[in-house]
Amino acid sequence: MQKRTLGQGLEVGAMGLGCMGMSEFYGGGDEDEAIRTIHRALELGIDFLDTADMYGPFTNEKLVGRAIADRRDRVVLATKFGNVRGENGERLGIDGSPEYVRKACDASLRRLGTDHIDLYYQHRVDQTVPIEETVGAMAELVQQGKVRHLGLSEASPQTIRRAHAVHPITALQTEYSLWARDPEDELLSTVRELGIGFVAYSPLGRGFLSGQIRSLDDLDPNDFRRRGPRFTGENFQKNLDLVAKVEEIAAEKGVTTGQLALAWVLAQGDDVVPIPGTKRRTYLEENVQAVEVELTADDLSRIDEAFPKGATAGDRYPDMSTVNR
């Protein structure tokens with residue numbers, strides 16, 4: 001596995017593994033297969049694992065903790081706080097208060113079964129709490145040895161600058177893929193100016209860019225994507241038509257549509273690390289091969305023509321109010 005360096009010298013595999021879907025959002029899961037998938041990822045050189053306290057809620061961190069208990073030294077472990085949920089799954093808002101930062105970190109450490117978190121993100125910006133206060137509390141965790149590096153997720157350029165002035169930010173995590181190219185407007189230039197790495201979540205457009213989703217019938221009845229604007233109504237067919245064009249290019253190159261989509265993200269810069277999520281070894285093994293796919297300037301031009309920036313129909317989420325813009 002090739003290596004890439006995020007901000008502050010944090011070295012990770014060129015591709016990470018998003019663990020969210022192993023516990024929630026994408027229908028039922030199989031914990032034994034999920035753990036085998038994490039172990040296989042480590043065997044393949046994928047050492048960057050991404051989770052969050054709200055996934056499950058709380059169960060995904062426990063799952064990841066069990067999976068890496070006897071191989072913690074081989075993992076760059078990332079988790080997040082800020083999206084508050086109750087034990088029954090109810091959503092209780094966003095909290096970036098210093099008190100909550102400390103409480104959430106201690107709880108995550110217990111669930112993960114570790115004495116430190118390699119990369120600790122604020123999952124969503126609490127727009128009622130100055131970012132300086134939130135990051136100040138996060139910086140205290142670094143001083144205490146509980147956290148090694150700090151990150152933000154879905155933060156605006158202005159918020160990133162203010163946060164970075166309090167304590168160096170190592171990574172910004174934001175959705176980025178062929179169908180979510182908003183970061184190209186200002187985010188990527190901002191983090192590059194500041195020496196912050198970029199972690200691309202949902203680099204396969206929540207699976208849509210894999211070419212495996214042809215109708216909502218392909219999704220579990222409990223799958224949260226059924227409520228997504230890009231998966232419903234006229235938007236679904238419009239986006240399917242865009243993917244069909246990418247499928248043609250992938251077929252010519254002898255790769256899957258998903259591998260081409262991941263290779264496109266990887267080609268956006270050595271400071272960009274995609275973290276495709278999966279709960280099965282078969283998809284993991286397919287995804288990791290994208291690291292070997294070479295895209296020429298002509299390939300990138302054709303992909304851009306087939307799936308131009310801004311062409312995707314529909315918002316990323318039903319409610320975009322939590323995205324700091």
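Where is the place of Phe58? Phe58 sits in the loop between E4 and H2. One thing before we go on: what you see is a predicted model.

Let's start with that loop. Phe58 is not a glycine, yet its phi is positive, about 75°. Buried or exposed, then, is Phe58? Phe58 counts as buried, because its relative accessibility is 15% and the cut-off for buried is under 20%. Now look at Pro57. Pro57 is also placed in the loop between strand E4 (48-50) and H2. A cis peptide bond joins Gly56 to Pro57, with omega at about -5°. For background, most residues other than glycine have a negative phi, and most peptide bonds are trans.

Gly56 brings us to Ser23. Ser23 touches Gly56, Thr59, Asn60 and Leu63, leaving out residues up to four places away in sequence. Ser23 itself lies in the loop between strand E3 (17-18) and helix H1 (31-43). Ser23 counts as partly exposed, because its relative accessibility is 24%. Ser23 and Val323 are 300 residues apart along the chain, and their C-alpha atoms are separated by 23 Å.

Next, another positive phi. Gln8 has a phi of about 60°, and Gln8 is not a glycine either. Find Gln8 in the loop between strand E1 (3-5) and strand E2 (11-13). Gln8 is partly exposed, at 43% relative accessible area.

Which residues does Met1 contact, leaving aside neighbours within four places in sequence? They are Gly13, Ala14, Met15, Leu44, Gly45, Ile46, Val288 and Val291. Met1 and Tyr176 are 175 residues apart along the chain, with 21 Å between their C-alpha atoms.

Now the inside. The largest nonpolar core has 83 residues. Which of them touch the most other members? Leu17, Ile38 and Leu172 do. Take Leu17. Beyond four places in sequence, its contacts include Met22, Ile38, Ala41, Ile46 and Phe48. Ile275, Pro276, Thr278 and Leu284 are also among the contacts of Leu17. There is a second, separate core of 16 residues, and its members include Leu6, Val12, Phe48 and Val199.

On to the helices. Helix H7 runs through residues 233-253. How does its length check out? Its 21 residues should span 30 Å at 1.5 Å a residue, and the end C-alpha atoms are 32 Å apart, so the two agree. The buried residues of H7 are Phe236, Asn239, Leu240, Leu242, Val243, Val246, Glu247, Ile249 and Ala250. Look at the spacing in that list. An α-helix has 3.6 residues a turn, so residues three or four places apart point the same way. What covers the buried residues of H7? The cover includes helix H8 (257-266) and helix H10 (297-306). After H7 comes Gly254, with a positive phi near 75°.

Helix H4 is next, residues 131-143. H4 has 13 residues and reaches 18 Å from first C-alpha to last, close to the 18 Å expected. Its buried residues are Ile131, Thr134, Val135, Ala137, Met138, Ala139 and Leu141. Their cover includes E5, helix H3 (98-112), strand E8 (117-122), strand E9 (147-153) and helix H5 (157-166). Gly145 follows H4, and its phi is positive, near 85°.

Arg72 is in the loop between helix H2 (59-68) and strand E5 (76-81). Arg72 is buried, because its relative accessible area is 17%, below the 20% cut-off. Leaving aside neighbours within four places, Arg72 contacts Leu77, Thr114, His116, Ile117 and Asp118. Arg72 and His123 are 51 residues apart in sequence, and 23 Å apart from C-alpha to C-alpha.

Last stop: a pocket. The second largest pocket has a volume of about 300 Å³. How many residues line it? The lining has 17 residues, and Asp182, Leu187, Val323, Asn324 and Arg325 lie nearest the centre of the pocket. By type, the lining divides into eight charged, five nonpolar and four polar residues.

Notes:
Residues numbered from 1 in each chain as written. Predicted model: local features only at pLDDT ≥ 70, side-chain atom pairs only at ≥ 80, totals over all residues. Heavy atoms only, no water. Core = buried A, V, L, I, M, F, W, Y, C linked by side-chain atoms within 4.5 Å. Buried < 20%, exposed > 50% of the residue type's maximum accessible area, 1.4 Å probe, protein only. Contact = heavy atoms within 4.5 Å. 1 Å grid on protein atoms, 1.4 Å probe; cavity = no way out; pocket = protein on both sides within 12 Å on 5 of 7 lines; lining within 4 Å. Points joined across faces, edges and corners; volume = space filled by probe spheres on them. Nonpolar A, V, L, I, M, F, W, Y, C, P; charged D, E, K, R; others polar. Helix = DSSP H or I, 4+ residues; strand = E, 2+ residues; numbered from the N terminus. Expected span 1.5 Å × (residues − 1).
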